[in-house]
Amino acid sequence: MTNAPDRYERFVLPEGVSKVTRIKDTRITNAATFEVQREDHTLGNLIRMQLHRDPEVLFAGYKAPHPLEYKINFKVQARDTTNPETVFRRAIDAVDTEIADLRKAFTEELARPRDQGNFY
Amino acid sequence: MDTEKKKKKKAAAAAQEAAGASTKLPQHLQDQKTRVFCASDAPTYQNVSYSGAYMASRIDDSLNMADFVKNLKVEIKSLTEEEMVFDIIGIDPAIANAFRRILIAEVPTMAIEKVFVVDNTSVVQDEVLAHRLGLVPLKVDPRNFEYRTEADNATEKNTIVFRLKKRCWEEGPKGAETRVNEKVYSSDLEWLPLGSELPPDEETKFTAFNAPQTAPGGQPIAPTHPDIVLAKLRKRHEVELEAHAVKGVGKEHAKWSPVATAAYRLLPEVILKEDIRGDEADELVRKCPVHVFDIEDLGPDGKRATVARPRDCTLCRECIREEGWEEKVALRRVKDHFIFSIESTGALRPEELFTEAIKILTDKCEKVLADLF
């Protein structure tokens, strides 16, 4: 087990490495790959789903390239009215707002008086 | 001529407006979009994530925050110290799944990470005992602690120290002895608020506490459950050790996972396509192993089957297995209605866990956003 990666490698971003890097697609117009470090399907699927709901997105997909490479890649192609960065940012912003709404709804529901222990 | 053209145009515009105003799909398409169908052979899940899929019917599924807020609903069904069941209505599966994954693997707790064994003459080997200790859930609020990295010293802010010392002996008259301290329990873990009491050797100082640790509420820090058997002892067996608990997440090791289970399921929907009366109604009630159906007494008109407890339905499909029944009963699931259940291991209450999960997901989004140009 001498070459086993440290357990914390999975979620601690190494110093000097940026969280997101953008790789421009040289073959498809208005497309880009976003490499997000130390994230997994939790965020990958969420953002992909959100990108699909954007009418200005032509293609959106993500993959975790290798189980020992702790990153995910998004491929985004946008309509020519916009660019991949904008739609990517917009998708994450939207997720952020949705979570904030959910949090508000949850807190309100928690504050409401209710019976305890009545399952289902 | 000209006026006629204008009239035609106006009529067409009116028709378009009328069509646009009724943003409703035909029933069968609406069902397909919002429900999972469970036929007797297999369920069909039609997953359309593309926002423009129903554009031809003037249904725009692209993101609309106002609609999202309007349709979002959270309902807590039950809440106890250990378990919470609640419904989230109007979200995408990806959001529900993100929360499930975060609850299991990314909400931090405290767990025993290092064990310094002074003496262990029990039959349980040191490494096995250390592993068992690691899995004991501790009743501590992890938000009061910091993560500890390899480079950090163990201080009162990142480490909780427990001592365990137990020896077994026999008492009583010869031939009828009784063993004392036959079992080592999790309640034998004794919290040391001042840090390690082991004598430091040349290289290691076990802890460097600057101040005594305090526990909110005055209760000493202890395992959630006092009755977990860690080892069994016989005469003259002894265990003496010190266990250091640190903060961590379930991704690194499952012992840090704050939940026993965190799961969601879709709301089951049971529909009787036609009236089921008389003996057939009795048969239907008898078929269901989880008692979803009830009988309604119609007086002189006999009796009729009703769907009384659709939430209990496990979609075992027993009710539609026999020939002819699939035409009478429809089993479905509502695609955007999630029944979420969180069972805590005891460090935090389930509702606090969910709130923490929301914070963590927000953090993740913001971290990506911050680095995005």
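What follows is a chat about the two chains and some of their residues.

Trainee: What kind of model is this, and how are things numbered and lettered?
Mentor: This is a predicted model, in which local features need pLDDT of at least 70, side-chain atom pairs count only at pLDDT 80 or more, and totals for chains, interfaces and linings use all residues. Residues are numbered from 1 along each chain as its sequence is written, chains are lettered from A and ligands numbered from 1 in the order in which they are written, and side-chain values use heavy atoms, with hydrogens and water left out.

Trainee: Thanks! How many helices and strands does chain B have?
Mentor: Chain B comes to 7 helices and 16 strands. Those are DSSP runs numbered from the N terminus, with helices being H or I of at least four residues and strands E of at least two.

Trainee: Which domains is chain B divided into?
Mentor: Domain 1 covers 31-55 + 62-107 + 258-364, and domain 2 covers 109-250. The bounds come from an automatic or database domain assignment.

Trainee: How many Å separate their centres, and how many residues are in contact?
Mentor: The centres of domain 1 and domain 2 of chain B, taken over C-alpha atoms, are 43 Å apart. In chain B, 13 residues of domain 1 are in contact with 12 residues of domain 2, contact meaning heavy atoms within 4.5 Å.

Trainee: Why is Pro26(B) called partly exposed?
Mentor: Because the relative accessible area of Pro26(B) is 40%. Buried means under 20%, exposed over 50%, and partly exposed in between, using a 1.4 Å probe and protein chains only.

Trainee: What about phi of Asn181(B)?
Mentor: Phi of Asn181(B) is near 60 degrees, a positive value in a residue other than glycine. Most residues other than glycine have a negative phi. Asn181(B) sits in the loop between β8 (178-180) and β9 (183-185) of chain B, and is partly exposed at 26% relative accessibility.

Trainee: And phi of Arg236(B)?
Mentor: Arg236(B) has a positive phi of about 70 degrees, although it is not a glycine. Arg236(B) lies in the loop between β11 (229-232) and β12 (238-248) of chain B, and is exposed, with a relative accessible area of 56%.

Trainee: Now chain A. In what order do its elements run?
Mentor: From the N terminus on, chain A runs β-β-α-β-β-α, which comes to 2 helices and 4 strands. Its C-alpha trace spans about 60 × 50 × 25 Å along the principal axes.

Trainee: What share of chain A is buried?
Mentor: Buried residues make up 43% of the 120 residues in chain A. For chain B, they make up 40% of the 373 residues.
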